[in-house]
Amino acid sequence: MVPHLVTALTGPINELEQRILESTPVIERWFRLEWMEHTPPFYSSVDVRNAGFKLAPVDTNLYPGGWNHLTPEMLPLAVQAAMAAIEKICPEAKNLLLVPENTTDTFYLSNLAQLQRIFYMAGLNVRLGSLSNDIKSPKTIELPGGDKVVLEPLIRSKRRLGLKNFDPCTILLNNDLSAGVPGILEDLHEQYLLPPLHGGWPTRRKSHHFKAYEEVSKRFGKLLGMDPWLINPMFNQCGQVDFNADEGLECLRSNTDALLGKIRRKYKEYGINEKPFVVVKADNGTGGMGIMTVRDAKDIDNLSDKTKARMAVGQAGQEVHEVIIQEGVLTNERINSAVAEPVVYMMDRYVVGGFYRVHATRGVDENLNAPGSGYVPLAFEQSAQLPQPGQKPGASVPNRFYMYGVIGRLAMLSASYELEATDPDAEVYE
């Protein structure tokens, strides 16, 4: 099974798509059995890259923003998934407290308005409680398009968190805690806090996630009789790096060299005539910060001061000392000649929608989550759960999106493994 490299948006990874479509009943049963044993993250989004010869997740977000990019056609799926998620956690819930990032960026606030809409339609009163010290009374912010959000100050009692005249059973974080865990969120034993605090970046590491994904992809590859490399980005990790002091760069160089060698061997095995590259990024944190592309390990000896300064600081101004070196996955998806990557959105165990992240000035081997990116909705209204059997690979839009949804759910399953492994309250059996 050797996929062909195709560079058009309509060009599929033919053999991989065919194998996945032929195996739909097997795949869905496998996922069903996994979800009987494991709890999916409350919500998540996954950045997927389609290289034509490989389809793999490159990032999994447990506090997804960007819900405003879901089209109205996608909302029924999101509402149904929200109902399923809430019923499992707190069936009698009537109040949901949403705790957002500390920002007044209208783009991000539009995402909150969409989340409020989804949970309101799922039958919940939803209000926004801000962690910002600047919010001392309810603050209404008008948004483009006619929406508005009201940010309110949080009120903490001994064991519960709420707002004035608002006592929620469930608290939903839309804040990845990059700046650390605020004390106001700790020790809330009487309420459900989702995702859990150990899902935030003070605890979470991308290398833990992709180690879990590696195991999941091996099992999935065995299930389908395929090489798991076709859906898995290989990686290494360095835990003691200081870009400002030039410390730990030898670890970075040797691990980069080793990983490039492994990728070269895979490219040779599959007859792929592309130059391998790796992406070095902060092992914790998100937002497209602290990322660089490396094609030759020697480049690490010659990093400019500007690059070092950029790599030394992650989101919320946190210093970067741990990095993941990830196999670079090209994106050969295009929208109007601009490079694009699909982003799959999930709630509970369901794919509910997504969009293409598009960047007109970035290359096929570059990070697209950067200033200047645009967003084009994926046509998930045809449902990522409804592949069309009998269609030729690439001939059917639902088939392509079904494949994205499978990869997204594999990453989501890996996140559930990851959260179980890092849960401080989990019982450990000897």
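The predicted model has an open, mixed sheet of six strands in the order 5-6-4-3-9-10, strands being DSSP E runs of at least two residues and helices H or I runs of at least four, numbered from the N terminus. Two strands count as paired if DSSP finds at least two bridges between them. Strand 5 (139–142) and strand 10 sit at the edges with a single partner strand each, so one side of each has no neighbour in the sheet. Neighbouring strands are turned by 30° on average, direction ignored. Strand 9 (residues 170–174) runs parallel to strand 10, joined by three bridges; leucine 172 has leucine 194 of strand 10 as its bridge partner. Helix 4 (residues 106–121) packs on this sheet, touching strands 3, 4, 5, 6 and 9 (contact: heavy atoms within 4.5 Å), and its direction makes about 150° with that of strand 4.

Elsewhere, helix 2 (residues 24–37) packs on helix 5 (residues 206–224) at about 140°, the axes lying 11 Å apart. Axes are lines fitted to C-alpha atoms, for helices over the stretch in contact, and angles run from 0 to 180 degrees between N-to-C directions. Among the residues in contact are Trp30 of helix 2 and Phe220 of helix 5. By class, seven are nonpolar, none polar and two charged; Ala, Val, Leu, Ile, Met, Phe, Trp, Tyr, Cys and Pro count as nonpolar, Asp, Glu, Lys and Arg as charged, and the others, Gly among them, as polar.

Residues are numbered from 1 along each chain as its sequence is written. Local features need pLDDT of at least 70, side-chain atom pairs count only at pLDDT 80 or more, totals for chains, interfaces and linings use all residues, and side-chain values use heavy atoms, with hydrogens and water left out.
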